[in-house]
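Thanks for coming. I will walk through one structure, a piece at a time. Please have a look at it first.

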Amino acid sequence: MMTYDQQYDVIVIGAGHAGCEAALAAARMGCRTMLLTINLDAIALMSCNPSIGGLAKGHLVREIDALGGEMAKNIDATGIQFRILNMKKGPAVRATRAQADKQLYRLRMKRILEQQQDLDLKQGEAVSLYFEGSELRGVELRSGIRFLSKTVVVTTGTFMRGLIHIGLNNYPGGRAGDQPSIGLSDQLKSLGLQVGRLKTGTPARLDSRSIDFSRLETQFGDDPPQPFSFSTERIVMPQLPCHIAYTNKRSHDIIRTGLDRSPLYSGVIEGIGPRYCPSIEDKVVRFPDKDRHQTFIEPEGLDTIEVYPSGMSTSLPIDIQIAFYRSIVGLERVEIMRPAYAIEYDYVDPIQLHSSLETKMIKNLYHAGQINGTSGYEEAAGQGLIAGINAALRTQGRDPLVLDRSLAYIGVMIDDLVTLGTKEPYRMFTSRAEYRLLLREDNADLRLRETGYRLGLVTDQEYSHFIEKRNRITEDLDRIARTRLRLTEEQLEVLARHGLEDIQKGTTLEQLLKRSEICYADLAELDTVSRETSSVIREQVEIQTKYKGYIDRQLEQVEQSKKLETTRIPVTLDYAAVKSLTTEVREKLSKNRPDTLGQASRIPGVTPAAISILSIALKSSSWKGSAK
């Protein structure tokens with residue numbers, strides 16, 4: 001085994017969405033970093049849906065951007081349809097989603113990585129971690145090269161012992177067209193980590209020339225399209241529509257005829273699939289009374305004929321796939337360019353991680369992405385960013401970055417994973433965040449930009465723009481609180497038009513904006529300064545004014561829970577010695593090894609009484625000073 005002469009601070013295994021963010025973060029923080037991938041031409045490849053964002057996922061992308069990550073900028077530069085979802089609902093659940101030109105997205109991310117200082121890209125398969133004694137010192141490749149590093153971030157996606165299924169036929173693969181990673185998961189298991197098996201899938205890719213789009217519903221994006229990144233001024237890519245189609249009873253009958261050859265229902269697939277993104281055969285079986293299921297026919301790019309039928313993933317045999325897709329109105333003559341398939345892969349139960357995403361068992365080893373049991377590009381990228389940051393901080397002798405649940409969806413996701421673990425692919429939802437009114441898409445920069453700047457991931461120019469924006473928001477909030485209506489004829493006319501004849505002279509613009517009938521655009525009719533305020537400032541001032549009572553209440557809740565969240569539990573704590581705890585609670589705490597009382601309180605079966613007992617025990621002098 002040859003040892004490479006360059007030694008690294010951080011090695012990242014895998015160049016999917018998690019690996020790209022991890023490698024960029026570490027390198028941008030000044031660490032000598034290596035990104036290792038089985039195929040350099042598949043960096044940031046969108047293996048499934050060629051889109052970024054969506055409900056709750058858009059929140060993650062905005063947070064990644066606020067911290068200095070790359071995903072939002074990449075989709076802004078390559079997106080071909082942008083839409084804001086849930087516009088009729090409150091700001092906490094509004095979310096941005098964008099279709100990407102799949103190849104441009106991949107190529108731009110590869111270019112960003114190649115141009116990044118302190119980052120080396122290498123092609124090869126990591127077959128094992130390298131240890132000197134009990135200390136992790138690097139990785140070993142199938143090609144016979146050993147790379148040394150201080151830390152390792154594993155972001156292997158679906159590649160560890162990946163197995164592709166099409167009907168009853170199966171073959172090894174990390175995804176269609178790529179070889180799997182063999183050996184690494186066996187080593188992780190031998191080191192004592194609990195390794196499980198999960199499953200996911202993807203629809204067929206269809207030839208758009210064989211689809212009659214005149215028989216489908218057309219769906220356009222927003223005009224003008226709104227960017228993801230706080231640094232993007234406007235979207236310049238050409239925009240394309242999607243089309244909506246539906247399955248029917250005949251489609252479902254065809255699917256049922258193939259269930260005996262479905263690996264999902266014949267027992268061939270061992271892994272547990274995503275509950276919230278089921279295959280079409282799973283939908284038909286689980287919802288037998290539903291006559292149809294919707295699919296969006298989404299373009300994969302500006303210069304390709306391939307389209308993606310969302311929600312139509314399947315592992316049925318190819319003959320059933322052809323018949324099923326052709327049963328859909330408008331797709332009667334459709335040609336399949338790439339068949340749908342399911343894929344099984346190994347993951348490591350994330351309950352074995354600290355909140356920094358470092359493994360509890362092996363110092364300096366970090367996991368991010370689907371290896372932690374998550375699904376989705378956005379969930380992977382958020383974890384990759386945090387793992388890369390913390391690997392870099394470790395090499396610099398600095399404390400890890402842990403985002404609180406009240407500060408970021410990324411913090412909610414990681415806390416869910418490391419506290420509860422997962423037995424099925426984890427997907428982010430707004431309902432998972434107890435403080436979701438504080439964690440909106442629109443204020444991700446106000447929550448996290450400072451942190452990104454302190455880490456060195458946000459440029460001086462980006463930070464100065466942020467400071468200017470924040471100051472303008474504060475100034476405008478103060479201005480509308482001081483500005484009072486004089487009830488001129490023009491103002492009275494505007495108020496009458498809104499049915500607000502009861503407004504008294506001296507009412508402030510803030511008081512007026514709190515009313516449900518009034519939005520900031522209406523203030524612009526009453527006040528010349530409001531008329532000149534930019535849309536970005538208007539949005540923040542309106543949300544912060546209208547929801548102030550609810551926001552203040554959630555902030556009070558955050559303060560009340562802060563003591564639990566910041567109370568560390570020593571790694572040496574012997575739960576068996578805490579006599580007042582029940583046997584069940586001791587077992588759960590011993591298995592999970594939570595980092596804080598807050599994490600302990602969220603473990604199912606750990607009661608408030610148990611947390612009180614544990615809190616008292618932590619005050620005992622025998623454990624003081626032993627927290628990690």
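Let me begin with a pair of strands. Strand E17 (residues 294–299) and strand E18 (residues 306–309) run antiparallel and are joined by 3 bridges. Before going on, a word on the source: this is a predicted model, in which local features need pLDDT of at least 70, side-chain atom pairs count only at pLDDT 80 or more, and totals for chains, interfaces and linings use all residues. Residues are numbered from 1 along each chain as its sequence is written, and side-chain values use heavy atoms, with hydrogens and water left out.

As for terms, helices (H or I, at least four residues) and strands (E, at least two) are DSSP runs, numbered from the N terminus. Two strands pair if DSSP finds at least two bridges between them.

Back to E17 and E18. They form a hairpin, with 6 residues between the two strands. Pro299 stands opposite Val307 in E18. E17 also pairs with strand E16 (residues 242–246), in the antiparallel sense, over 4 bridges. There, Ala245 is opposite Thr295 of E17.

Next, a sheet. In what order do the strands of the open sheet of 4 come? The order is E12-E11-E20-E13, and the pairing is antiparallel. Strand E12 (169–172) and strand E13 (195–202) are the edge strands, each pairing on one side only. From one strand to the next, the twist averages 25°; axes here are lines fitted to C-alpha atoms, for helices over the stretch in contact, and angles run from 0 to 180 degrees between N-to-C directions. Strand E11 (residues 163–166) is joined to E12 by 4 bridges, and Ile164 has Tyr171 of E12 as its bridge partner.

Now a helix. Several residues of H11 are buried, among them Ala444, Leu448 and Leu455. Buried means under 20% relative accessible area, exposed over 50%, and partly exposed in between (1.4 Å probe, protein chains only). What do the buried residues of H11 pack against? They pack against helix H2 (57–67), helix H9 (377–395) and helix H12 (460–482), where contact means heavy atoms within 4.5 Å. Just after H11, Gly456 takes a positive phi of about 90°.

H11 leads on to a pocket. The second largest pocket holds about 1400 Å³ of space. H11 is one of the elements that give two or more residues to its lining. The lining comprises 40 residues, and Gln226, Lys469, Ser535, Val536 and Glu539 lie nearest the centre. Helix H17 (535–546) is also among the contributing elements, and H17 gives the most, with 9 residues.

Grid points are joined across faces, edges and corners, and a volume is the space filled by probe spheres set on the points.

By this rule there is 1 cavity of 30 Å³ or more. Residues lining the largest cavity include Lys199, Leu264 and Glu281.

Last, Asp282, in helix H7 (residues 280–286). Is Asp282 buried or exposed? Asp282 is buried, because its relative accessible area is 17%. Asp282 touches Leu264 and Tyr265, not counting residues up to four places away in sequence.

Note on methods
On a 1 Å grid over the protein atoms alone, a cavity is a set of points where a 1.4 Å probe fits but cannot get out, and a pocket is an open set with protein on both sides within 12 Å along at least five of seven lines; lining residues have an atom within 4 Å of a point.
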